[in-house]
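This briefing is meant for a reader who is meeting the structure for the first time. Please keep the sequence and the model in view while reading, and follow the topics in the order given.

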Amino acid sequence: MKISVKVPATTANLGPGFDCLGMALPIYNTITIEETVLPGTGIEINVMADENSIDDLSLEQIPMDENSIVYKAVKLLYNSIGQSPSELKINISSQIPVARGLGSSASVIVGGLLAANKLLGDPADELALLSIATEVEGHPDNVTPAILGGLCISSQEEDGSIIYSKLDWPDDWQITICIPDYELATDISRSVLPLEVPMKDAVFNAKRMAMFVQAVHQKDKELMKIALQDRLHQPYRKKLVPGFAEVSENLKHDDSVIGCVLSGAGPAILVISTKDNLEGIKSVIKETFESLDFNVEIMTLPVEKNGATFISQDE
Ligand code: HSE
């Protein structure tokens with residue numbers, strides 16, 4: 001039996017929502033799991049670029065052995081029902097660049113889990129899968145929209161369970177994503193964060209999270225401009241992300257721009273705007289990265305409303 005799951009890219013944090021906000025985007029990895037019949041063949045993992053991908057996906061960064069996150073996720077699922085995985089072939093066809101802050105790891109974890117769960121006869125429900133995916137990923141903000149699609153708020157509680165809720169992103173608000181041609185591993189980007197933050201910064205972000213939810217709900221662009229500010233992670237990470245401070249500065253007088261935020265742990269940057277000046281925004285981003293001598297892929301994308309989807313199932 002062979003199961004394929006198509007999983008969207010995701011952007012996490014969206015400014016104030018460190019480790020809890022995430023949104024799906026229409027760039028996809030397809031994860032296929034096949035039970036092989038030859039005993040003793042173990043787990044084989046193959047990764048290849050999808051024909052519709054951008055040029056440089058940095059796929060060499062994905063481990064293909066037992067250190068692979070897809071393997072870890074699948075193993076946890078099997079273990080949860082008292083079994084061990086063996087004789088599985090896992091193929092990853094990738095459009096999502098690695099180590100750019102676009103949820104590449106979440107996509108393979110989710111794809112592997114959903115496909116393996118189907119192979120096993122669906123022993124785990126959605127919340128159990130979210131919980132395993134979060135355990136492997138370390139935080140729920142990418143894996144939740146990867147499974148559910150859309151814009152999600154999620155939390156992993158102290159007992160490991162996941163609480164989530166979906167929000168409707170206003171259709172008029174455009175997402176322009178800038179993907180620079182350098183990598184930034186999430187663990188490096190997390191290593192610069194302090195263990196504790198000043199109370200005033202925690203209060204600053206708590207206010208912005210409340211404003212974010214209200215701004216999305218009311219489609220209130222002016223409130224969203226304030227809501228997208230952050231003091232918990234971006235101030236510490238900006239030194240690791242050439243182009244972020246410069247793009248934000250160069251777009252700050254454009255009234256159509258609602259905000260510039262890091263995508264997840266970076267280095268991709270999201271520019272959230274109305275539709276009025278998309279070409280102008282793209283030119284500013286391009287010129288800014290050119291002046292810094294970095295190549296950048298720039299694309300305006302809608303929110304992907306669907307989460308992971310099964311695309312084929314052969315007996
Ligand atoms: N919330 C996580 C972080 C996302 O910012 O480290 C990583 O993709």
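**Helix packing, domains and sheets**

Helices α1 and α3 are oblique to each other, since their axes make an angle of about 135°. The model is a predicted one, and in it the protein is divided into domain 1, made of residues 2-167 and 303-314, and domain 2, made of residues 174-301.

- Helix α1 covers residues 69-80 and helix α3 covers residues 126-137, and where the two pack their axes lie 10 Å apart.
- The crossing in which α1 passes α3 is right-handed.
- On the side of α1 the contact is made by I69, K72, A73, L76, L77 and S80, which meet L129, I132, E135 and V136 of α3.

- Helix α2, formed by residues 104-119, crosses α3 at roughly 140°, and the axes of the two come within 10 Å.
- Helices α2 and α3 are therefore oblique to each other, and α2 passes α3 in a right-handed crossing.
- From α2, the residues S105, A106, I109, V110, L113, L114 and N117 take part, and they meet L129, I132, A133, V136 and E137 in α3.
- The residues in the contact of α2 with α3 divide into nine nonpolar, two polar and one charged.

**The pair α1 and α2**

- Helices α1 and α2 pack with their axes 8 Å apart and at an angle of about 35°, and their crossing is right-handed.
- In α1 the residues I69, V70, A73, V74, L77 and Y78 meet a set in α2 that consists of S105, V108, I109, G112, L113, A116, N117 and L119.
- This contact of α1 with α2 has 11 nonpolar residues and three polar ones, with no charged residue.

**The two domains**

- The centres of domain 1 and domain 2, taken over C-alpha atoms, are separated by 25 Å.
- To the contact between them, domain 1 gives 32 residues and domain 2 gives 38 residues.

- Four strands form an open sheet in the order β8-β9-β7-β10, and their pairing is antiparallel.
- The edge strands are β8, at residues 257-262, and β10, at residues 296-301, each of which pairs on one side only.
- When direction is ignored, neighbouring strands of this sheet are turned by 20° against each other on average.
- Helix α10, spanning residues 278-291, packs on the sheet and touches β7, β8, β9 and β10, while its direction makes about 15° with that of β7.
- Within the sheet, strand β7 (residues 174-180) and strand β9 (residues 269-273) are paired in the antiparallel sense over five bridges, and C178 has I269 in β9 as its bridge partner.

- Strand β5, at residues 151-156, pairs with strand β6, at residues 162-167, in the antiparallel sense over six bridges.
- Along this pairing L151 stands opposite L167 in β6, and I153 stands opposite S165 in β6.
- The hairpin of β5 and β6 has five residues between the strands, and in this hairpin G160 takes a positive phi near 95°.
- Strand β5 also pairs with β2, in the antiparallel sense and over three bridges, where the bridge partner of G22 in β5 is C152.

**Backbone details in the loops**

- Most residues other than glycine have a negative phi, and most peptide bonds are trans.
- N13 has a positive phi of about 80° although it is not a glycine, and N13 is found in the loop between β1, at residues 2-12, and β2, at residues 21-35.
- The peptide bond that runs from G266 to P267 is cis, with omega near 5°, and P267 is found in the loop between β8 and β9.

Conventions:
Residues numbered from 1 in each chain as written. Predicted model: local features only at pLDDT ≥ 70, side-chain atom pairs only at ≥ 80, totals over all residues. Heavy atoms only, no water. Axes fitted to C-alpha atoms, helices over the stretch in contact; angles between N-to-C directions. Parallel < 35°, antiparallel > 145°, perpendicular 65-115°, else oblique. Left-handed = near helix turned anticlockwise from the far one by under 90°. Contact = heavy atoms within 4.5 Å. Pairing = 2+ DSSP bridges. Domains from an automatic or database assignment. Nonpolar A, V, L, I, M, F, W, Y, C, P; charged D, E, K, R; others polar.
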